[in-house]
Amino acid sequence: MLSFAIRSAIMLGWMALGVAVSLPVLCLLCFPTVLLRPLPDSQKNARTKTNALLLVAHPDDESMFFGPTLLSLSKLGGYSIRVICLSTGNADGFGARRKLEMVAACSVLKVPADNVEVLDHPALQDGFGCHWDQPLILKLLQQAVMTHNIHVILTFDSYGVSGHPNHRSVSAGVRRLHHKNGPQGETVQGWELVSTNIVRKFCGPLEMFASVLNWVYSDQREMHCFLNPSPITSIMAMSRHQSQWVWYRRLFVLFARYTYVNTLKQIRS
């Protein structure tokens, strides 16, 4: 009789824990815009839109990793979003096809086709063994900032989510630009997507609750959190990359935190 009571108490405890964890996650999934806020200090003039640039390495990076950010900025309405991809992702010979796929995917993520640019420079070719020219990345970035009057740049952090050297090169290029601007008159904000350990990386929607808690108790001038207002839209965008839509990437977008939440950290000189 006692052992039955103990087992029942343990079972009830686990059920209570499950409810305690799942209820906030379900609330965040159902009402993600409750916590929707613009990036700190990025909208200084309410009458004009903030020009935001997402800089990535390969077609599909925008869908696999930055969906919550792109959809949140679009929903906020105060941002004009541009995406530049530094390569066509031609490692397997699908470069021309992947370029078109990226335009289609960005359209799903509310970025107009005219605001999507996919570069194909000989010194910036897709591949783990391809070391990208840092001064070239800086030069291309400076041109984009000047041409499009960019106020905010979004990109990978120094690890680049997966450790891919091309992702890390993009991050290094943005840091070079930021350091070059200097601390006295920074005209461009830089925000990097925070990489996590592999356990948190594949916690899926559970990461929404953990990320929000971390954001609430952090310095909100330095960290920002975007919950995806429509995770299914991110998955639909990734599905536009038909050349990359293989089984393990389907699993990735279902279970990776980056479909549900983006934690961004401001780049400082």
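Arg-98 counts as buried, at 5% relative accessibility. In this predicted model, Arg-98 forms a salt bridge with Asp-60, and their closest N and O atoms are 3.2 Å apart. The two residues sit in distant parts of the chain, 38 residues apart: Asp-60 is in the loop between strand E1 (50-56) and H2, while Arg-98 belongs to helix H4 (residues 95-108). Asp-60 is buried too, with 5% relative accessibility. Asp-126 joins Asp-60 and Arg-98 in a network of salt bridges.

The structure holds eight salt bridges. Another of them pairs the side chains of Arg-175 and Glu-192, at 2.9 Å from N to O. Arg-175 lies in helix H6 (residues 165-181) and Glu-192 in strand E5 (residues 189-193), so this pair ties together parts 17 residues apart in sequence. Arg-175 is partly exposed, at 25%, whereas Glu-192 is buried, at 6%. Asp-219 and Arg-221 also form a salt bridge, with 3.2 Å between the closest N and O atoms. Here Arg-221 is exposed at 56% and Asp-219 partly exposed at 34%.

Helix H10 (247-255) and helix H2 (61-64) each supply at least two lining residues, and the largest share, three residues, comes from H10.

There are zero disulfides in the whole structure. For Cys-85, the closest cysteine sulfur is that of Cys-106, 8.7 Å away and therefore too far for a bond. Cys-85 is buried, with a relative accessible area of 0%.

Key. Residues numbered from 1 in each chain as written. Predicted model: local features only at pLDDT ≥ 70, side-chain atom pairs only at ≥ 80, totals over all residues. Heavy atoms only, no water. Helix = DSSP H or I, 4+ residues; strand = E, 2+ residues; numbered from the N terminus. Disulfide = S-S within 2.5 Å. Buried < 20%, exposed > 50% of the residue type's maximum accessible area, 1.4 Å probe, protein only. Salt bridge = Lys/Arg side-chain N within 4 Å of Asp/Glu carboxyl O.
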